[in-house]
Amino acid sequence: MSINTPDVIVIGGGTGGYSTALRAASLGLDVVLVERDKVGGTCLHRGCIPSKAMLHAAELVDGIAEARERWGVKATLDSVDWPALVATRDDIVARNHQGVEAHLAHAGVRVVRGSARLTGPRAVRVEDVHNEPALGVRDFIAHRGIVLATGSRPRMLPGLSPDGRRVVTSDDALFAPGLPASVLVLGGGAIGVEYASFHRSMGAQVTLVEAADRIVPLEDAEVSRHLTRGLKKRGIDVQAGARLLDAEVLEDGIRARVRTARGETRVVEAERLLVAVGRAPVTEGLDLAAAGLTTDERGFVAPADWSRLETAVPGMHVVGDLLPPPSLGLAHASFAEGLLVAETLAGMSSPAVEYAAVPRVTYSSPQTASVGLGEAEARARGHEVEVNTMPLTAVAKGMVHGQGGMVKVVAEAGGGQVLGVHLVGPHVSEMIAESQLIVGWDAQPSDVARHVHAHPTLSEAVGEVFLTLAGRGLHQQ
Ligand SMILES: Cc1cc2nc3c(=O)[nH]c(=O)nc-3n(C[C@H](O)[C@H](O)[C@H](O)COP(=O)(O)OP(=O)(O)OC[C@H]3O[C@@H](n4cnc5c(N)ncnc54)[C@H](O)[C@@H]3O)c2cc1C
């Protein structure tokens, strides 16, 4: 087999692309993975991992205040050494990066450094090759298929241009020279909320502006309510149903005018405007037309067959952030998509990704974690539902944490299938795993109620909610 005629060519080495490549290689396929920057992509270098490392540091800072205010621990925060924080964060990223490179090498995936462009339905040209010694332009033909995994980048609003200093994206925020004393965060989705939460923990004055009538608008309304309450309690000025009218860049910050939900115009001055209004798919320079492909009106590449993530051009597959909804723009969804596409290309029959059972997490303080349908969405889809909600403080461990939060379960009325589980509170990102199995396995409350939860834990609250739905309520009558 020659490197120029592999079985599979994967374009993009983010979580979607590298997972496809790893699985395909483990199934014995000859795989070329083309990456123009660093394998690991957005998630590893600019997304999930650095942001969660920073949010861990934020949790430590919050812990000092809690220790002092609730537990009589005479601790004070001296200061946050941003370069030291960045060094630890970047070390975690670097070690993960080495790990991904090592996995790919071990699996026998040939990583080609450069920009890929389609030259036909099975053909790819790689330019700007960074390999040493420089290999120049190279052409590849795939025997079995091509996988598009070129991911996404921050979306911008018309009239706003990021300058990396005052008007920044989530990418720029990572590489800023220091921590701002005040931030206006535009966008109340997961990324905006996480950055708002981080900066507040680091002592900044934070205003969070979301155009929809609630933050995390894709989640159950009760999740938005509890999250809003939690963020406001921490001193974040949450403005939902609000719009940025304009923003002026000053020498030492920005001055923005915001139309609030009440129709008032407020002037917000901050050191930084962080724009987190969503992500846009990346297809520039790919020349989709050369392979007979087009994007949809929002720039995504839609599969013709979602069960194989295959486009209308046979052998051309798509994974990750390049996919439109119902894919979720989440790294773990892209891992599942990578597995599916690799197995499909290897001739195996692989289960389609069940997007409804993929968990969604916001790693702010408080956190949110959900899987399945929200109450309103379930009703809109014609389900007759039964709902049970319990505050986390109703269990002892919830009181220990003292951060509020809740568990909400949406199920078919009459003891039927569990349709959705929604959590807000501390550590709920680690608690959602059982609920994804409950929803994914079409369980009913009585199936869950048979299983005993450890005491005292936060997840006891999940157990209690299911006990009650199964007619066996213990503490919740
Ligand atoms: C701040 C932030 C926080 C996030 N947190 C989470 C989280 O906690 N959990 C979660 O699940 N998701 C999170 N995400 C989302 C997650 O990062 C993405 O869903 C994921 O990275 C998508 O992977 P991908 O492989 O589709 O694309 P990407 O990771 O964007 O990778 C695409 C790759 O393709 C390369 N490429 C593009 N075009 C070409 C070309 N023509 N030739 C060669 N290479 C090319 C790029 O260099 C890039 O490396 C976060 C995102 C951000 C921005």
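This is a predicted model: local features need pLDDT of at least 70, side-chain atom pairs count only at pLDDT 80 or more; totals for chains, interfaces and linings use all residues.
Two strands are said to pair if DSSP finds at least two bridges between them. Helices (H or I, at least four residues) and strands (E, at least two) are DSSP runs, numbered from the N terminus.

Residues are numbered from 1 along each chain as its sequence is written, and side-chain values use heavy atoms, with hydrogens and water left out.

I return to strand β23. Strands β22 and β23 pair in the antiparallel sense, over 6 bridges. Their hairpin has 5 residues between the strands, and there G414 takes a positive phi near 80 degrees. Strand β23 also pairs with β20 (residues 367–372), again antiparallel and over 6 bridges. Within that pairing, A369 stands opposite L423.

Is strand β23 mostly covered or mostly open? Strand β23, residues 418–425, is mostly covered, as 8 of its 8 residues are buried. Buried means under 20% relative accessible area, exposed means over 50%, and partly exposed lies in between (1.4 Å probe, protein chains only).

The next topic is the parallel sheet. Which strands form it, and in what order? The open sheet has 5 strands in the order β3-β2-β1-β7-β18, and the pairing is parallel. At the edges are β3 (110–113) and β18 (316–318), each of which pairs on one side only. From one strand to the next, the twist averages 20 degrees. Strand β7 (residues 145–148) pairs with β18 over 3 bridges, in the parallel sense. There, V318 in β18 is the bridge partner of L148.

I now turn to charged residues. The structure holds 26 salt bridges, a salt bridge being a side-chain nitrogen of Lys or Arg within 4 Å of a carboxyl oxygen of Asp or Glu. One of them joins R110 to D30, with the closest N and O atoms 2.5 Å apart. R110 lies in strand β3 and D30 in the loop between α1 and β2, so this pair ties together parts that are 80 residues apart in sequence. R110 is partly exposed, at 27% relative accessible area, whereas D30 is buried, at 9%.

Another salt bridge links D220 and K408, whose closest N and O atoms are 2.9 Å apart. What does this pair tie together? D220 lies in the loop between β11 (205–210) and α7 (221–233), and K408 in strand β22 (residues 406–412), so the pair connects parts that are 188 residues apart in sequence. D220 is buried, with a relative accessible area of 5%, and K408 also counts as buried, at 2%.

R381 counts as exposed, at 56% relative accessibility, and E377 is partly exposed, at 35%. Salt bridges that share partners also join D220, E222, R225, E375, R379 and K408 into one network.

My last element is helix α4 (residues 82–107). The expected span of a helix is 1.5 Å times one less than its number of residues. The 26 residues of α4 should therefore span 38 Å, and its end C-alpha atoms are 37 Å apart, which agrees. Its buried residues are W82, L85, V86, R89, V93, H97, V100 and L104. An α-helix has 3.6 residues a turn, so residues three or four places apart point the same way. After α4 comes G108, whose phi is positive, near 85 degrees.

I close with a record. An unreviewed UniProt entry annotates residues 358–464 as "domain: Pyridine nucleotide-disulphide oxidoreductase dimerisation". UniProt positions are given in the numbering used here, feature names are shortened, and annotations may be inferred rather than shown by experiment. In the model, this span is 33% helix and 29% strand, and its end C-alpha atoms lie 23 Å apart.

Technical notes:
Axes are lines fitted to C-alpha atoms, for helices over the stretch in contact, and angles run from 0 to 180 degrees between N-to-C directions.
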